[in-house]
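Student: Hi! Could you walk me through this one?
Tutor: Happy to, let's have a look together.

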Amino acid sequence: MKRLFSLFAAMATLLTAGATDGLPSYPETLRDSILAQITGASRPAKEISILKFGARPDGVSDCRPAFEKAMRRADKEGGLTISVPAGEYFMQGPLTLTSNVTINLDSGAVLRFTPDPERYPVVSTSWEGTYLYNYSPMIYGRGLRNVAITGRGTIDGNASTTFATWKPRQREALLRSREMNHNHTPVEERRFGEGSWLRPQLVQLYECSGVTLEGVKIINSPFWCVHLLRSENVVCRGLRYDAKLVNNDGIDPESSRNVLIEEVEFDNGDDNVAIKSGRDDDGRLTAAPSENIVIRRCHFKGLHAVVIGSEMSGGVRNVFVEDCDYAGYCKRGIYVKTNPDRGGYVKGLYVRNCVFDTVEDLFYVTSKYAGEGLESTHFSEISDIVVDGLSCREATGAALVVQGTEQLPVSRVSFDNIRVGKAKTGISFTDTCPVMLGTCAIGPSADIPTQVTAADNIFR
């Protein structure tokens with residue numbers, strides 16, 4: 001295996017020799033300019049306890065009316081910080097947010113939602129990249145400015161007995177939603193909800209600007225945990241997860257821009273961060289990329305650490321993943337997945353100083369995800385990938401994989417400071433050029449070569 005890797009590495013270097021002029025370097029200036037634009041929400045000065053609005057933290061009484069009153073007060077006064085003291089607050093339906101509001105969950109405060117689907121009205125949303133009407137997310141805000149959820153309390157989706165059991169029943173509605181996507185059915189006619197079995201997200205912020213999610217713990221989500229849909233200027237900081245129900249992605253920025261995700265402790269039943277920009281025709285027609293996303297100092301645990309795709313038809317650009325490590329097992333470290341059904345592009349993926357333990361694949365880019373769409377024509381453009389510092393103890397599958405298509409190869413790729421203790425497959429690059437390899441060791445690093453001895457004399 002080590003000999004094969006050496007041959008592959010030599011071939012990659014030779015094939016790109018003389019063609020590496022203009023390969024991208026790590027763009028620190030771009031990263032810093034993105035960070036300078038991200039402020040998140042500002043906290044309103046006036047603060048009122050949710051208890052003043054009639055909430056009873058006994059785990060039984062319905063506290064939703066109290067939060068609705070608090071939202072109306074925030075509207076009336078131009079902003080409000082709502083403090084939530086320790087206790088269990090039962091919500092008989094969704095919490096619909098308003099602008100200029102901060103909800104601060106104190107340590108020991110639990111916001112627990114009813115698992116009864118009938119309590120969640122149908123709202124405008126998106127489901128796996130297709131715009132439609134479906135059950136309201138448990139915490140929902142659309143078209144808002146300056147919104148925050150902070151503190152050391154817990155958001156409990158409480159979804160294990162109902163929503164989490166729905167996936168086996170969703171296929172008919174899933175296919176219908178995709179058919180509506182491809183046929184350009186007006187969104188107003190895409191009505192789901194009761195009988196469709198499409199699960200809602202736990203937290204969805206849709207077309208919002210100035211958002212902070214900080215410190216809280218997230219558990220028992222019905223579907224994706226935090227869905228940032230067409231939103232901008234977002235800070236997700238210090239979140240804590242124990243979300244292992246079905247498809248419990250941690251954070252899904254979709255068609256969103258200027259997003260900072262830092263110091264998050266992931267422990268999810270699916271992807272930790274999954275960056276998306278709409279599925280198929282919906283993604284292509286809205287032309288809304290996800291862009292300017294910085295992920296740093298996070299601790300990954302779950303299925304995949306950082307994913308781009310597969311619903312990324314609107315494109316993704318300028319994603320930074322820096323100084324992250326593992327809190328437990330991850331199937332894949334960095335994973336870019338698209339195919340000719342999706343189209344779109346990935347321009348600018350920058351990885352620096354990230355460490356994993358045992359993974360199946362450390363770094364995997366494919367333009368042929370699931371082997372789908374290979375007869376289609378929406379080939380994805382993937383370019384400008386810079387990896388400077390990436391390691392794992394073992395890759396049971398592959399260390400570095402980049403798969404383009406013959407019609408549109410992956411271009412402008414650079415790897416440096418790669419350390420993999422052991423790998424079944426070291427390097428697999430197909431339809432990819434140019435590639436530059438710097439310091440890379442897959443398997444034990446070679447030492448000083450041995451000297452020739454009499455036993456090595458080939459002419460004896």
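Student: Are Phe320 and Tyr350 buried or exposed?
Tutor: Phe320 and Tyr350 are both buried. Bear in mind that this is a predicted model.

Student: How are the rings of Phe320 and Tyr350 arranged?
Tutor: Their planes are at 35° and their centres 4.9 Å apart, so the pair is tilted. Phe320 belongs to strand 24 (residues 316-322) and Tyr350 to strand 26, 30 residues apart, so this pair links distant parts of the chain.

Student: How many aromatic pairs are there in the whole structure?
Tutor: A search finds 16 aromatic pairs. One of them joins Tyr26 and Tyr350: the ring centres are 6.1 Å apart and the planes at 70°, so that pair is edge-to-face. Tyr26 sits in the loop between helix 1 (2-16) and helix 2 (28-36), and Tyr350 in strand 26 (residues 345-355), so the pair ties together parts 324 residues apart in sequence.

Student: Which residues form a ring cluster?
Tutor: Tyr120, Tyr135, Phe163, Trp166 and Trp197 are linked into a cluster by ring pairs.

Student: New topic: which residues of helix 3 are buried?
Tutor: Ala66, Phe67, Ala70, Met71 and Ala74 are buried there. They cover an arc of only 140° around the axis, which puts them on the same side of helix 3.

Student: And what covers them?
Tutor: The cover for the buried residues of helix 3 includes strand 3 (80-84), strand 4 (87-91), strand 5 (95-96), strand 6 (101-105) and strand 7 (109-113).

Student: Which exposed residues are on the face turned away?
Tutor: Arg72 and Lys76 are the exposed residues carried on that face of helix 3.

How values were computed: Residues are numbered from 1 along each chain as its sequence is written. This is a predicted model: local features need pLDDT of at least 70, side-chain atom pairs count only at pLDDT 80 or more; totals for chains, interfaces and linings use all residues. Side-chain values use heavy atoms; hydrogens and water are left out. Buried means under 20% relative accessible area, exposed over 50%, partly exposed in between (1.4 Å probe, protein chains only). Helices (H or I, at least four residues) and strands (E, at least two) are DSSP runs, numbered from the N terminus. The arc is that of the directions from the helix axis to the C-beta atoms. Contact means heavy atoms within 4.5 Å. Rings of Phe, Tyr and Trp (its six-membered ring) pair if their centres lie within 6.5 Å; planes under 30 degrees apart count as stacked, over 60 as edge-to-face and the rest as tilted.
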